[in-house]
Amino acid sequence: MATPAIRMFRRLEGLFCVYKPSGVHWKLVRDIVETNLLKGLNATSSQPLPQEVRFLVHPVSETEAPKGLTVSASSVPVLAKHPLVTGPEFQHIRVGVGHRLDAFSSGVLVLALGNGNKAMNDLYGTRVTRDYTLEGEFGTATDDFSHTGRVVERSTFGHIKQDKLDKVLAMLQGANQKALLMYSNVDMHSQEAYEMAVQGLLGPEGKSQPILTGLRCLHFQPPNFTLEVRCLNETQKYLRKVVHEIGLELRSTAVCKGVRRTRDGPFTLQDALTHHHWTASNVIQAIRQYHSKKNLKYSHTQMKDTALQPTEESTT
């Protein structure tokens with residue numbers, strides 16, 4: 001008979017996401033989640049200890065000494081099965097990590113449990129895009145493109161207006177759109193390319209250079225500005241370099257003050273569990289919500305495909 005801990009363990013199968021704060025390595029986030037899950041599993045009520053029959057010797061009085069020892073059969077717990085002897089029931093649980101975030105970035109971090117590791121590989125096998133919010137500051141250039149790096153140059157930024165910034169962003173996006181088509185390995189004059197473009201499936205096969213599929217300015221108040229980026233195959237260092245190159249295109253310099261991932265495939269900030277919710281019960285609920293959302297999306301797709309199929313009368 002399965003214990004409550006085993007039943008809970010069986011429900012820890014699937015994908016979920018957490019919010020990784022800035023200044024924390026993703027390995028530490030994974031280890032904390034794993035530790036909390038093990039604590040939750042081992043804290044569930046366990047089965048009572050099995051009983052065994054033993055013959056116990058009872059002391060006798062002096063008047064009964066000539067008669068010998070008094071022995072009685074008693075049922076006692078098997079102490080060899082006690083948790084203090086055997087240790088915790090669960091000592092390891094595999095937690096897979098999706099697209100990494102470096103220590104100075106924050107945002108959505110996808111994790112996988114059990115068979116969710118295979119589902120995560122299948123997910124990233126498709127053309128998954130990710131959204132980021134980049135905080136930039138004009139007037140400074142550093143050796144690692146971040147505001148914490150060694151300053152190598154200072155420049156003026158009073159000539160930068162939002163319309164100039166928008167033009168540079170449009171130029172960068174256009175250049176990346178050409179790269180997206182180049183890495184797609186599809187004839188751009190074919191019907192297949194048209195259908196893939198309509199469905200949003202046009203993209204590189206496997207690994208490629210980082211590609212920005214969307215780029216726009218959310219906030220502009222010099223020297224500070226905020227960008228929203230949608231990209232493929234990126235790293236956080238590459239995104240900081242993009243901010244640096246935008247500063248150069250505007251005849252100035254810029255550093256990246258923050259990188260925040262707001263979406264990773266189907267996972268958004270609304271789905272991410274904060275630090276206080278990295279518990280077994282909350283993770284189980286997050287996995288259940290992801291599965292229900294996925295099934296709902298699949299059913300809508302099936303209904304749409306069925307509606308588009310021609311009936312026999314229309315075919316006739």
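User: Which residues of α7 are buried?
Analyst: The buried residues of α7 are Gln236, Leu239, Arg240, Val242, Val243, His244, Ile246 and Gly247, where buried means under 20% relative accessible area, exposed over 50% and partly exposed in between, with a 1.4 Å probe and protein chains only. This is a predicted model, in which local features need pLDDT of at least 70 and side-chain atom pairs count only at pLDDT 80 or more, while totals for chains, interfaces and linings use all residues. Residues are numbered from 1 along each chain as its sequence is written, and side-chain values use heavy atoms, with hydrogens and water left out.

User: How many residues does helix α7 have, and what is its reach?
Analyst: Helix α7 covers residues 236-249, which makes 14 residues, and its first and last C-alpha atoms are 20 Å apart, close to the 20 Å expected at 1.5 Å a residue; the expected span is 1.5 Å times one less than the number of residues. Helices (H or I, at least four residues) and strands (E, at least two) are DSSP runs, numbered from the N terminus.

User: Which peptide bond is cis, then?
Analyst: The bond from Pro222 to Pro223 is cis, with omega near 5°, and Pro223 belongs to the loop between β9 (211-221) and β10 (224-232).

User: Switching topic, how many disulfides are there?
Analyst: The structure holds zero disulfides, a disulfide being a pair of cysteine sulfur atoms within 2.5 Å. Cys17 is buried at 1% relative accessible area, and Cys217 is buried at 14%.

User: What about Asn36, where is it and what does its side chain lie by?
Analyst: Asn36 is in helix α2 (residues 26-42) and is partly exposed, with a relative accessible area of 23%. A polar atom of its side chain lies 2.9 Å from the backbone oxygen of Trp278, and the C-alpha atoms of Asn36 and Ala280, 244 residues apart along the chain, are separated by 6.9 Å.

Definitions and conventions. Polar contact = N/O pair within 3.5 Å; in protein donor to acceptor, adjacent residues only side chain to side chain.
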